[in-house]
Amino acid sequence: MSIREGRAPNSSSPESLMVVNLSTYRIEGEFDAGGCGTVLVGSHARSKQPVVMKMASKEVDRLLLATERRIYARLPKARGWPRLIDAGTYRKRDVLVLERLGPSLQDLLNLCGGRFGLKTVSQLALQLLDRLETFHELGYVHRDLKPDNVLLGRGTTRKTLHLIDFGLAEPYRHPRTGEHIAQDAFFPFAGTIEFAPVFAHLEYTPSRRDDILSLAYMLVFLLRGGLPWYGTEERFDPDEALLLKLRITPSELCRGLPAEFQRLTEYALQMEFCDAPDYTELKRMFRNLLRQHSMQHDLHFDWNRFGC
């Protein structure tokens, strides 16, 4: 597939990504019909670099892709963030070309029999708190944290978690003043029911506490192998899932797990709308958890025994 040429992207300015220089890519197959349109896998025709291409034609999908494009332009050039290679249009469809990463946490969870051990989950918590801290510093809330949206890298970054899919992200700071936005009376639900925070179900305006509560749900899911409401996206509507989330207390949700997981859940639920998470203290909590169990923070994970 040949994508038409334009001007080279300038990562310092999100708007400069509207017209960019796009080279020729070879399509190898369709990866997924994602929430922003079609997701294709391929490679650069000359360098052979593996890539992912996200293509959107519907207006709602184009808006999601535009949000991603703006965020990618602002992300730091550091480990833990997918690299935006090209962006532009192809046959009237908006396109993002991104580096192709490794397996998702959901893929690895399936490989490991449906759950991870305490050492793996604690190390994942540390990396994910780092990613959320960086993402929040950009002024955005992710709003769709889940195992499918966390991928390992490739090669030298194969032990590094990468946070992806920013189409549902929302700013929590005013773009001009930098002040925290006000809470609106109504904000439609968006996200994945299993990991969506109760605040999203209640249609509160998204803020940083949403991502912290989704993280708590996800860590419990990875360690326990499920959640009391897991799978309700197929059986229930969001209101029915909300009733379960409201009825089950943090102590019930985290029964049998180390106390740190209940503390994280309670902390997120007690945060006020404008509160900034105490990332440092939360990371210290999981480092201490590793030390209490005589575990090393050595980036050795459960899936390594399978050669991943």
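I'm working from a predicted model.

**Surface patch.** I went looking for a nonpolar patch and found Leu-202, Tyr-204 and Leu-246 on the surface. Together they put about 260 Å² of accessible area on show. I then checked where Tyr-204 sits, and that is the loop between α4 (198–201) and α5 (208–224). Buried or exposed, or something in between, for Tyr-204? I noted it as partly exposed, because its relative accessibility is 32%.

**Whole chain.** The protein has 308 residues, and 52% of them count as buried. I got 10 helices and 9 strands. The accessible surface is about 14,600 Å², with 48% of that belonging to carbon and sulfur atoms. I also looked at contacts with a separation of 6 or more: 65% come from residues 24 or more positions apart.

**Inside.** In soluble globular proteins, nonpolar side chains tend to be buried together. Which residues have the most contacts inside the largest nonpolar core? I got Phe-261 and Phe-286, in a core of 65 residues. The largest share of this core comes from α5, with 11 residues. I listed what Phe-261 touches, leaving out residues up to four places away in sequence: Leu-118, Val-121, Leu-219, Val-220, Leu-223, Cys-254, Phe-286 and Leu-289. Apart from this core I found another, of 9 residues, including Val-51, Met-53, Ile-85 and Tyr-90.

Note on methods: Residues numbered from 1 in each chain as written. Predicted model: local features only at pLDDT ≥ 70, side-chain atom pairs only at ≥ 80, totals over all residues. Heavy atoms only, no water. Patch = residues over 30% accessible without salt bridge, like charges linked within 9 Å, V, L, I, M, F, W, Y side chains within 5 Å. Areas by Shrake-Rupley, 256 points an atom, 1.4 Å probe, with all protein chains shown as cover. Salt bridge = Lys/Arg side-chain N within 4 Å of Asp/Glu carboxyl O. Helix = DSSP H or I, 4+ residues; strand = E, 2+ residues; numbered from the N terminus. Buried < 20%, exposed > 50% of the residue type's maximum accessible area, 1.4 Å probe, protein only. Contact = heavy atoms within 4.5 Å. Core = buried A, V, L, I, M, F, W, Y, C linked by side-chain atoms within 4.5 Å.
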